[in-house]
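These are my notebook entries on what I looked up in one structure. I begin with its open spaces and then turn to charges, surface, backbone and distances.

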Amino acid sequence: KPPEGNNQFSMDGVLEVRDITGDPVPEILFHSGAAGASDSVSLEHVLRYDKSKATFIDIAPEPFYNSGTHGLRWLTVGKQAFAVIADRNWSPRVPQEERCHYCSSPFQYSVYTWSARTNAFVVYRRVYGTASYSTAEEALSGDWPLVQSATH
């Protein structure tokens with residue numbers, strides 16, 4: 001997928017080969033992104049081999065990225081892989097002007113799984129946290145047992 005803005009830089013040493021689509025051919029996972037003044041964005045790339053075209057295709061959808069307030073973590077249950085996306089879930093009672101970049105808020109989690117029928121990642125379940133966190137990383141750690149129990 002073409003990067004938006006200036007996201008062509010390696011962000012970390014992540015390079016993993018594992019089957020996340022449930023077929024016998026593993027995918028290649030790595031990150032690219034860019035750092036800004038108060039945050040960074042790290043895109044999750046999931047390369048899948050397309051035998052018919054003898055090439056690799058990035059199958060990661062747009063929400064598969066990490067930043068300070070948006071996170072991704074992989075969860076494996078049995079042999080099935082899930083991508084868990086964390087996003088802020090501000091209450092409508094919190095005025096826009098009070099929703100600062102790293103202010104604490106609850107998070108919601110979209111749990112994606114690979115669909116062989118649609119040949120794409122689809123939302124399997126949504127989970128809503130109640131505790132407040134400043135960053136997506138904190139939220140994924142703090143609410144991880146909640147996400148795991150809702151996914152089993």
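Entry 1: Before listing any lining, I note the term: a pocket is an open set of grid points with protein on both sides within 12 Å along at least five of seven lines, and a lining residue has an atom within 4 Å of a point. I also record that the model is predicted. Rolling a probe the size of a water molecule over the atoms shows where empty space is left.

I looked up the volume of the second largest pocket and found about 160 Å³. I then asked which residues line the second largest pocket. The lining is made by Asn66, Ser67, Gly68, His70, Gly71, Leu72, Arg73, Thr135, Ala136, Glu137 and Leu140. Strand E6 (70-77) and helix H1 (136-142) are the elements that give two or more residues to this lining. The most comes from E6, with 4 residues. By kind, I count 3 nonpolar, 6 polar and 2 charged residues in the lining of the second largest pocket.

**Entry 2: salt bridges.** Side chains of opposite charge can pair when their charged atoms come close. How many salt bridges does a search of the whole structure find? The search returns 3.

I took the pair of arginine 18 and glutamate 16 to begin with; their closest N and O atoms are 3.2 Å apart. Arginine 18 is partly exposed at 21% relative accessibility. Glutamate 16 is likewise partly exposed, at 31%.

Next I looked up aspartate 23, which forms a salt bridge with arginine 48, the closest N and O atoms lying 3.0 Å apart. Aspartate 23 is in the loop between strand E1 (15-18) and strand E2 (27-35), while arginine 48 is in strand E3 (residues 40-50), so this pair ties together parts that are 25 residues apart in sequence.

Glutamate 27 counts as buried because its relative accessible area is 1%, and buried means under 20%. I therefore record Asp23, Glu27 and Arg48 as a network, since salt bridges link them.

**Entry 3: a nonpolar patch.** I asked which residues make a nonpolar surface patch of about 280 Å². The patch is formed by Val25, Tyr49 and Phe56. I followed up phenylalanine 56, which is found in strand E4 (residues 55-58). Phenylalanine 56 has a relative accessible area of 45% and is therefore partly exposed.

Entry 4: Most residues other than glycine have a negative phi, and most peptide bonds are trans.

Alanine 54 sits in the loop between E3 and E4. With a relative accessible area of 56%, alanine 54 is exposed.

Asparagine 119 belongs to the loop between E8 and strand E9 (120-128). Its relative accessibility of 47% places asparagine 119 among the partly exposed residues.

- Serine 115 lies in strand E8 and counts as buried at 12% relative accessibility. How far from glycine 22 is its C-alpha atom? The two C-alpha atoms are separated by 9.2 Å, and the residues are 93 apart along the chain.
- Asparagine 89 is in the loop between E7 and strand E8 (107-115) and is partly exposed at 26%. Its C-alpha atom is separated by 16 Å from that of asparagine 66, 23 residues apart along the chain. I note that asparagine 66 is one of the residues lining the second largest pocket.
- Glycine 78 lies in the loop between E6 and strand E7 (80-88) and is exposed, with a relative accessible area of 70%. Between the C-alpha atoms of glycine 78 and valine 14, 64 residues apart along the chain, I recorded a separation of 23 Å.

Notes:
Residues numbered from 1 in each chain as written. Predicted model: local features only at pLDDT ≥ 70, side-chain atom pairs only at ≥ 80, totals over all residues. Heavy atoms only, no water. Patch = residues over 30% accessible without salt bridge, like charges linked within 9 Å, V, L, I, M, F, W, Y side chains within 5 Å. Areas by Shrake-Rupley, 256 points an atom, 1.4 Å probe, with all protein chains shown as cover. Salt bridge = Lys/Arg side-chain N within 4 Å of Asp/Glu carboxyl O. Buried < 20%, exposed > 50% of the residue type's maximum accessible area, 1.4 Å probe, protein only. 1 Å grid on protein atoms, 1.4 Å probe; cavity = no way out; pocket = protein on both sides within 12 Å on 5 of 7 lines; lining within 4 Å. Points joined across faces, edges and corners; volume = space filled by probe spheres on them. Nonpolar A, V, L, I, M, F, W, Y, C, P; charged D, E, K, R; others polar.
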